[in-house]
Amino acid sequence: MKKKILELESYLNLSYNEFCRLKKKTFKKQYYSKKEEGDYEILIDKNQFMFHEDILYTIEFNNIQKLKESLLIKNSLESTLKHLSDENIEWNIFSKYSYEHYLVIKINKYLYLEYEFISKWKLNLLRVSNLEE
């Protein structure tokens, strides 16, 4: 699990060209402005890779099932936290965005798990970001 976390975190701060070279593929840029300049994202399997000034700064995994399996994220919040602790992986509650029925867990330096409570805790989003928004 720790190896996969470090791999995901290693993508941050890569330029678009470095990322494409690493993935051995060129991706279509989807700009946020109509002028097709400035910040943009690329989509890979419905997951957003966001670039600012041509540097990858955030990855949002909306299609998390496959990633969940490779990270060994458990079905319940409690078992995920236990597993992280058992593996000696640093985690804490990211209180800046944890409120009402949302809970954000920060793992290592740049990995965030966003849970929502609707009768039970459900993982909605996995984000890798070097920005604490």
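This is a predicted model: local features need pLDDT of at least 70, side-chain atom pairs count only at pLDDT 80 or more; totals for chains, interfaces and linings use all residues.
Student: How many bridges join strand 2 to strand 3?

Tutor: Residues are numbered from 1 along each chain as its sequence is written, and side-chain values use heavy atoms, leaving out hydrogens and water. Strands (E, at least two residues) and helices (H or I, at least four) are DSSP runs numbered from the N terminus, and two strands pair if DSSP finds at least two bridges between them. Strand 2 and strand 3 run antiparallel, and the bridges joining them number five.

Student: Which residue in the turn between strand 3 and strand 4 has a positive phi?

Tutor: Strand 3 and strand 4 are antiparallel too, with five bridges, and His 52 sits opposite Ile 55 of strand 4. Two residues separate the strands in this hairpin, and the one with a positive phi, about 50 degrees, is Glu 53.

Student: Why do the buried residues of helix 2 line one face of the helix?

Tutor: Buried means under 20% relative accessible area, exposed over 50%, partly exposed in between (1.4 Å probe, protein chains only). In helix 2 (residues 16-23), Tyr 16, Phe 19 and Cys 20 are buried. They line one face because, seen down the helix axis, the directions from the axis to their C-beta atoms fall within an arc of 100 degrees.
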